[in-house]
Amino acid sequence: MFFRRARERRAVCLSARLPAMDADELLSGRVRLAGLPPVNLGERVDWRADPHGNRSWMLNLHTLRWAGSLAAAYERTGEARYLDRALAVAHDWIAANPEGDRETSPWAWAEHPIALRAPVLVCLAAHTRSAPLEDSLARHAQLLADPASYRAGHNHGLDQDIGLLVTACHLGRPRLRDLAIRRMTASAELAIDDQGVLHEQAPRYAVYVHARLGIALEAIAAAPGADVPPRRRKIAGPDLPSRLSRRRAALEEHIQHATRPDGYLLPIGDGPADARPPAFSPAPAETVRVYDGGYVFGRTAWNDPGSAHYSIRFGPGRKLHGHEDHLGVTYYAHGRPILVEAGFHSYEKTPYTTWTRLPEAHNVPVVEGARFRPGTATRLRTARITPRRQSFTLDDTAYGVSRVREVVVHHGPDVLAVQDRVEGGATARSLWHFAPSLRVLTRGKGLVVLEDEDGWQVTLAQFTLPGGAPAHDSEVRRGLVSPGARRTAEVEIVVSPAAAALLTLIVPGCAAPEIAVADGGVSVTTPEGTAPCWGWT
């Protein structure tokens with residue numbers, strides 16, 4: 001970052017925060033966007049191009065962040081050819097994309113590209129005198145300040161505020177600068193609760209917002225007036241940066257709990273399964289955390305790849321980047337993912353991406369013959385936590401009848417036990433999506449044994465309640481999950497028989513656990529020991 005003073009004007013350039021790209025490849029006309037294969041844009045860019053049929057690619061094209069990386073290369077090397085090309089791209093974009101023209105791409109003046117493009121234009125304007133750049137920046141400032149297009153409490157809103165802040169500093173407009181700081185503070189306090197949960201319902205977006213808040217705080221620190229002692233400071237309000245910092249810090253612990261022991265972020269909501277968030281330190285004091293925003297995360301230990309780890313979803317109905325995953329669980333043990341979910345594929349509007357957001361893409365009970373009611377909230381009724389055993393009871397009426405799930409997690413030995421009940425004479429089938437590395441080895445008498453290529457095994461056992469008889473009619477289907485953005489992998493999905501009440505046990509590392517069902521209870525014995533999992537009446 002650098003800045004240039006001129007009374008109330010200061011060029012707050014965030015070039016160091018732009019994506020790192022191969023500057024020489026960009027000079028040749030080849031651009032890599034949104035993780036997709038490179039495209040040769042040539043000397044003159046076709047701003048309506050859509051070579052991959054991908055929304056994210058088109059959005060990224062119009063942010064000009066890729067051209068901004070050329071400006072960053074110029075700042076690092078002093079080679080004018082990088083800056084010349086960046087300026088040529090920016091001027092071409094301005095000339096080719098008049099606002100409101102029917103030939104202009106709809107992505108050119110969409111709210112998020114505007115927000116992400118403004119800091120790039122600020123950096124370029126810091127290196128040249130250009131009337132088209134200045135005029136375009138003035139229009140960007142107007143649009144970013146417009147409350148009609150502002151996304152309060154959303155990651156787009158944060159990007160709009162960053163864009164407005166640096167543009168206002170460049171143009172010397174302190175009222176717009178202060179508006180940006182006030183808005184981003186109020187928006188952060190709306191979007192992130194006191195426990196650090198982002199209401200967008202996807203931990204991956206918590207990582208994004210955490211990073212962007214860091215950039216916002218850097219920009220505030222570089223804004224004119226920030227270097228004045230607090231009591232004399234005219235910028236927005238002296239307590240606003242500290243309020244932003246507190247919300248940003250709160251995100252860190254939530255992200256830590258949502259990260260598996262192998263370092264991968266859980267793909268809850270719109271977040272790819274191969275995302276690895278920054279390693280924050282120190283580790284939280286608690287190994288189990290219940291978040292009022294709708295998450296339970298638990299593990300046996302921190303900084304141990306072999307630790308068990310699980311998640312449970314509840315809380316407010318689906319919104320923004322969330323999925324219809326309430327009552328859903330994930331499970332990791334013995335250094336391996338065991339129960340996974342469909343995850344996030346892309347923002348493309350396809351039948352598969354639509355399916356990944358449905359209940360059937362998650363480890364949940366689905367009520368037979370009933371219509372699902374999207375956006376239904378789920379209540380966490382009870383939570384009992386001890387070092388070796390945690391139990392949780394949740395319920396909702398997402399299918400018009402009471403749906404109750406009780407989850408017990410036992411450590412030493414590791415066992416996950418889940419009891420599902422539906423009322424009103426209804427029945428439900430529970431779905432269990434196993435990790436792509438696992439394939440069914442044997443099945444029968446209420447047991448399904450899966451094995452990976454190393455010979456490691458896990459057992460699923462199911463019993464009808466209240467009698468505790470083995471559930472003999474489980475079905476095994478082949479399905480798909482997304483191990484990363486725009487990728488799919490085949491998995492085994494175990495579908496329980498329809499029942500009013502059913503108990504499911506997941507026993508990792510053992511193909512022949514000793515399961516005792518008697519006197520209204522169940523216990524599981526493995527070579528690691530015995531886990532008293534359940535009692536019912």
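Predicted model: local features only at pLDDT ≥ 70, side-chain atom pairs only at ≥ 80, totals over all residues.
Helices, labelled H, are DSSP runs of at least four residues, numbered from the N terminus.

**First stop: the largest pocket**

Select helix H2 (55-63), helix H3 (65-77), helix H5 (111-125), helix H7 (155-171), helix H9 (203-222) and helix H11 (351-356). Each of these helices supplies at least two residues of the lining of the largest pocket. The largest share, seven residues, comes from H9. The pocket itself has a volume of about 1500 Å³. To find its centre, select Ser56, Leu59, Asn60, Tyr205 and Tyr347, which are the closest to the centre of the 50 residues that line the pocket. What kinds of residue make up the lining? They divide into 21 nonpolar, 15 polar and 14 charged residues.

**Second stop: Pro51**

Next, select Pro51, in the loop between strand E4 (39-40) and H2. Is Pro51 buried, partly exposed or exposed? Its relative accessibility is 45%, so Pro51 counts as partly exposed. Show its neighbours as well: leaving aside residues up to four places away in sequence, Pro51 touches Val39 and Trp57. Pro51 and Gly484 are 433 residues apart in sequence, and their C-alpha atoms lie 21 Å apart in space.

**Third stop: the cysteines**

A disulfide is a covalent bond between the sulfur atoms of two cysteines. The structure holds one disulfide. Select Cys13 and Cys123 to see the disulfide, with an S to S distance of 2.1 Å. Cys13 lies in the loop between strand E2 (9-10) and helix H1 (23-27), whereas Cys123 lies in helix H5, so the pair ties together parts that are 110 residues apart in sequence. The torsion about the S-S bond of Cys13 and Cys123 is about 110 degrees, and the disulfide is therefore right-handed. Both Cys13 and Cys123 are buried.

Finally, select residues 317-497. An unreviewed UniProt entry annotates these residues as "domain: Heparinase II/III-like C-terminal". Over residues 317-497 the chain is 3% helix and 46% strand. The end C-alpha atoms of residues 317-497 are 27 Å apart.

Notes. Residues numbered from 1 in each chain as written. Heavy atoms only, no water. UniProt positions renumbered as here; feature names shortened; annotations may be inferred. 1 Å grid on protein atoms, 1.4 Å probe; cavity = no way out; pocket = protein on both sides within 12 Å on 5 of 7 lines; lining within 4 Å. Points joined across faces, edges and corners; volume = space filled by probe spheres on them. Nonpolar A, V, L, I, M, F, W, Y, C, P; charged D, E, K, R; others polar. Buried < 20%, exposed > 50% of the residue type's maximum accessible area, 1.4 Å probe, protein only. Contact = heavy atoms within 4.5 Å. Disulfide = S-S within 2.5 Å.
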